[in-house]
Amino acid sequence: MRRNISGEGTIVQLEKDKPRSKCRKWKLKVSLGRDTKAEPKLNPKTGKPVYKYITKCRNHEGTYSSAQKALRDFIAELEGGIRLDADKTGVVDYAREFARKRKGIESISDSTCKLDQSFIRLLEHSMGNPNMATLDTQDIDNAILFLQENGGVKGKPLRNSYIIRFRKWLCTLWNKAIIDGVALETPVRDSLCPRDDTEERIPLTVPQLVEAIKILLGMLNKFSIATFIAMFTAIRRGEACALRWIDIDVDDLTIHVRHNLGSNMKLGETKGRRYRDEPMNTWLAVLLLEWEERQIEAAEKIGKKWNKECFVVSIYGEPTNPQRLSEWWRNTSSLLVPEGTHFHDLRHTCITLMARGGADLPTLQGIAGHANIATTQIYLHTNTERKKLAAEGLELMVFSERAEPDTSEVQVRNA
């Protein structure tokens with residue numbers, strides 16, 4: 001696609017600690033002007049529209065002179081709609097290299113790396129390994145339609161929600177390819193996006209929670225401790241498994257969430273990549289104190305040294321793989337909660353019940369650890385129920401005896 005270039009482009013020096021003559025890493029930036037497809041947003045202060053502008057970027061290694069030439073070539077490519085040095089890089093080959101580099105980044109979780117591999121297999125299954133630079137929007141549409149009609153690698157039907165995640169991953173892949181100079185633009189942006197068919201997760205009711213608690217107390221173990229923590233604090237599975245006794249402040253009724261334990265048994269950052277303090281109720285605090293005493297006794301029996309660095313979700317203080325917790329939940333949940341209830345639904349239930357108890361969205365956002373408050377709103381699937389309650393409340397107010405209209409004034413006027 002031919003593009004109208006705005007300006008002469010910019011070369012940004014990436015090695016800030018070096019003089020320009022010694023720098024060998026640059027970012028080439030070319031402005032394509034206003035994005036005509038994006039709706040402008042209004043400035044809350046001035047009320048004037050704020051438009052979105054498109055900028056294409058590419059990394060370059062070499063001298064400043066070579067970066068100047070590369071920038072001229074980059075502009076020519078954008079104006080002409082073709083790559084001057086188009087290579088034969090296959091989309092699957094690039095995706096594998098993309099995943100390999102991401103795996104070496106400390107902040108990328110183990111689950112994300114596994115998802116990369118799943119999506120690479122899906123990519124090869126749906127479109128093969130064509131030249132990445134030549135793919136267009138129609139190719140992406142065909143791949144998505146193929147997955148909807150034929151399912152995944154093993155022929156199993158795929159939910160639209162999973163295909164939507166795959167499409168988002170393709171966006172990330174192409175954005176990186178543009179920066180690396182492998183592709184000129186992304187064909188994913190205007191491609192077909194399936195309708196989200198994610199099922200609304202139904203929170204547990206209070207009677208269901210009470211019944212589950214009774215059963216769990218009768219089988220108290222490290223997994224039921226993790227379940228109680230999730231029930232009352234909305235902590236995620238990996239975060240619960242990462243808790244150590246040093247994170248539990250019984251006096252202040254606070255749990256310090258600092259890490260996430262991956263299935264590779266490595267401590268990493270939480271999903272939101274931020275520390276947070278979760279409040280806990282007195283009942284949970286007393287239960288954790290009792291579990292701490294049990295753990296100390298168990299560790300002493302086998303001659304293991306115990307300290308505050310030991311893990312909470314454990315018999316002797318050693319870490320528990322989150323996968324083991326998931327396996328236990330799959331085998332045990334039918335005794336505790338309705339069929340189809342996921343362990344993550346405990347977190348959803350906790351947040352929902354807190355909302356019904358009067359907690360506002362900013363408070364819930366802090367408890368849930370969401371970076372965006374919109375995510376918290378998505379979690380609270382209570383709008384329909386609240387609307388029904390509001391309608392019922394209005395009905396009671398209008399038609400109850402206490403709310404009967406005073407007709408005396410009307411009678412006087414009629415007289």
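The model is predicted: local features need pLDDT of at least 70, side-chain atom pairs count only at pLDDT 80 or more, and totals for chains, interfaces and linings use all residues. Residues are numbered from 1 along each chain as its sequence is written, and side-chain values use heavy atoms, leaving out hydrogens and water.

**Nonpolar cores**

- The largest nonpolar core has 41 residues. A core is a set of buried Ala, Val, Leu, Ile, Met, Phe, Trp, Tyr and Cys residues joined through side-chain atoms within 4.5 Å.
- I225, F228, M231, W245, I248, L288 and V312 touch the most other members.
- α6, α7, α8, β7, α9 and α10 each supply at least two residues of this core. The largest share, 7 residues, comes from α7.
- Another core, of 28 residues, lies apart from it and includes Y94, L135, I140 and L170.

**Helices α3 and α5**

- Helix α3 (residues 110–127) packs against helix α5 (residues 160–180) at about 95°, with axes 11 Å apart. The two are therefore roughly perpendicular (65 to 115 degrees).

**T352**

- T352 sits in helix α11, residues 344–356. Helices here are DSSP runs (H or I, at least four residues).
- T352 counts as buried because its relative accessibility is 0% (buried means under 20%, with a 1.4 Å probe and protein chains only).
- Its side chain reaches the backbone oxygen of H348 at 2.7 Å.

Notes
Buried < 20%, exposed > 50% of the residue type's maximum accessible area, 1.4 Å probe, protein only. Polar contact = N/O pair within 3.5 Å; in protein donor to acceptor, adjacent residues only side chain to side chain. Axes fitted to C-alpha atoms, helices over the stretch in contact; angles between N-to-C directions. Parallel < 35°, antiparallel > 145°, perpendicular 65-115°, else oblique.
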